[in-house]
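This briefing is meant to be read with the sequence and the model side by side. Please look through both before going on to the points below.

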Amino acid sequence: MHDIRVIRDDPEAFDAAMGRLGVGPVAADVLAVDERRRTAIAAAEAAQAERNAASKQVGAAKATGDEAEFERLRGLVATKKDEIARLEDEARAADAALRDMLLRLPNAPLGDVPDGADENDNVEIRRWGEPPSFGFKPKEHYELAAAQGLDFETAAKLSGARFVVLQGAVARVHRALAQFMLDVHTTENGLTETNTPVLVRDEAMLGTGQLPKFAEDSYQTTNGWWLIPTSEVTLTNTVREEILDEAALPIRMCAHSLCFRSEAGSAGKDTAGMLRQHQFEKVEMVSITHPEKSLDEHARMTRLAEHILERLGLAYRTVVLCTGDMGFGARKTHDIEVWLPGQDKYREISSVSVCGDFQARRMNARFRPEGGGKPEFVHTLNGSGLAVGRCLIAVLENGQQEDGSVVLPSVLVPYVGGTTRITANGELT
RNA sequence: GGAGAGGUGGCAGAGUGGUCGAAUGCGGCGGUCUUGAAAACCGUUGAGGGUGAAAGCCCUCCGGGGGUUCGAAUCCCCCUCUCUCCGCCA
């Protein structure tokens, strides 16, 4: 959520920022509502001040026994009461209207974010590793003999399209990947392992920006809970309505969780395989930082995600998302794309965003500056570290052999009982 | 699912109709003392908003909304959240 004062101070700059996202111009509309709100507040407060003054005189009149004056002032207070109620209603309505407008506006991109329409305009900033060369045409993950434990038919029987059942070796490797990621993050990267609910209330979804605008992207239970589309929601909202000590920053967390997305509007995209599912697992990283530290933290977090791929020996490239490809709450986003031989292209496996104080304002998450002073909004960041299902895909495709077996990354060996590959029969050996 | 209790300032916790934005403690900040620190002592310390160049002035806030009253943190109603006990259950 944007600071209305920023829009007030420089509406042209704000419209320019929104314009880069293809939104607006909106400043004029926002400021009109803001003006209405401030006028209503001023009127209501003036009436309240009058009422307060009259109220005091009521007591005085009664004390001096001036019955006539007492009755007159009582009448005046009673009249003001109705006027105040009416003006307060107006002020409340205008305030709600302004808040609703602000809650639906996306975050402003940082100056160094490239302009662009879609993913084709993202800018590559790094590349690591060599895509493996095969003496045969590499297959996609769901075509591999070793991955016969990926069972889409059974999943369809249970749940429908865009679900998968993992059985045997692939299930074990999937679990191994999540464990490996968590171990690296907690023992080497200093993130605090956190396990959160996957069902949350409206406020949490509002805090990170899924609501009010993107309700159709998530699932909701009959009694009103939302299934989180990412544990960014729960990890970030842990500081909702908090005033933290500055010394407590940065707060760095990670969580392995289920994620649920209805993926409305993306029907027909990536329908084959387990690349895009309604339910998937992800290890998520979230940092709560001092405003001056968030950009450094963004670089750090990006490196942590990249490092996981390096340890797994998977080639990747890192891109800066252009304005047209960025998410609602981000000021800048790095996507890390892993090489998928079966598709012969890099595909997103992590997205690392710095949100500035955008989410903090929604959550009212603040910190008390060292040495006292007014609370300030914290900055929030989130990043996948990594998407577990997609990582499984990458491991399968990159490790595939001509006979349909798969050689596993050596770092996973301790996590899969000392085995090193999945045979063409779908067994760990 | 049943029954009950409760939501007060950064935290803990008083306050049941009249200067209560709110006792007290902790924490924070400033100071005295000390070679320095600790302890002790003194002072100070809520948040949001409107207006203003600023100083300042003003308004609101004791979970949210409504009501009673000249007057509500205190009484009544609705909502919401939390906790406790019982039941059920992984």
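Two strands count as paired if DSSP finds at least two bridges between them. With that in mind, one such bridge can be named in this predicted model: F367 has E376, in β14, as its bridge partner.

**The surface near RNA strand B**

- RNA strand B is surrounded by 19 residues, and the closest of them are R38, Q48, R51, R201 and R366; of the atoms of the RNA strand that come within 4 Å of the protein, 87% belong to sugar and phosphate.
- Sorted by class, the residues of this surface are 13 charged, 4 nonpolar and 2 polar.
- At least two residues of the surface come from each of α1 (4-9), α3 (27-64), α4 (67-103) and β13 (366-368), and α3 gives the largest share, with 8 residues.
- The side chain of R201 has a polar atom 2.8 Å from a sugar or linking oxygen of RNA strand B, and the side chain of R37 has an N or O atom 3.3 Å from a sugar or linking oxygen of the RNA strand.
- For R92, a polar side-chain atom lies 3.3 Å from a phosphate oxygen of RNA strand B.

- Strands of a sheet pair through backbone hydrogen bonds, and they may do so in a parallel or an antiparallel way.
- One open sheet has 3 strands in the order β7-β13-β14, and its pairing is mixed; β7 (243-245) and β14 (376-377) stand at its edges with a single partner strand each, so each of them has one side without a neighbour in the sheet.
- Strands β13 and β14 run antiparallel and are joined by 2 bridges.

**Helix α6 against helix α11**

- Two packed helices are described by the angle between their axes and by the distance between those axes.
- For helix α6 (residues 169-187) and helix α11 (residues 388-398), the axes come within 9 Å and cross at roughly 115 degrees, and the crossing is right-handed.
- On the α6 side the contact is made by V170, V173, H174, L177, A178 and M181, which meet V388, G389, C391, L392, V395 and L396 of α11; by class, this contact has 10 nonpolar residues, 2 polar residues and no charged residues.

- Most peptide bonds are trans, and most residues other than glycine have a negative phi.
- The peptide bond that joins L211 and P212 is cis, with omega about 5 degrees, and P212 is found in the loop between α7 (202-208) and β6 (226-227).
- A cis peptide bond also joins G385 and L386, with omega about 10 degrees, and L386 has its place in strand β15.
- D270 is not a glycine, yet it has a positive phi of about 50 degrees; D270 is in the loop between β8 and β9.

Note on methods
Residues are numbered from 1 along each chain as its sequence is written. Chains are lettered from A and ligands numbered from 1 in the order in which they are written. This is a predicted model: local features need pLDDT of at least 70, side-chain atom pairs count only at pLDDT 80 or more; totals for chains, interfaces and linings use all residues. Side-chain values use heavy atoms; hydrogens and water are left out. A residue is near a molecule or strand if one of its heavy atoms lies within 4 Å of it. A polar contact is a pair of N or O atoms within 3.5 Å; within protein, one must be able to donate a hydrogen and the other to accept it, and residues adjacent in sequence count only if both atoms are side-chain atoms. Helices (H or I, at least four residues) and strands (E, at least two) are DSSP runs, numbered from the N terminus. Ala, Val, Leu, Ile, Met, Phe, Trp, Tyr, Cys and Pro count as nonpolar, Asp, Glu, Lys and Arg as charged, and the others, Gly among them, as polar. Axes are lines fitted to C-alpha atoms, for helices over the stretch in contact, and angles run from 0 to 180 degrees between N-to-C directions. A crossing is left-handed if the near helix is turned anticlockwise from the far one by less than a right angle, and right-handed if clockwise. Contact means heavy atoms within 4.5 Å.
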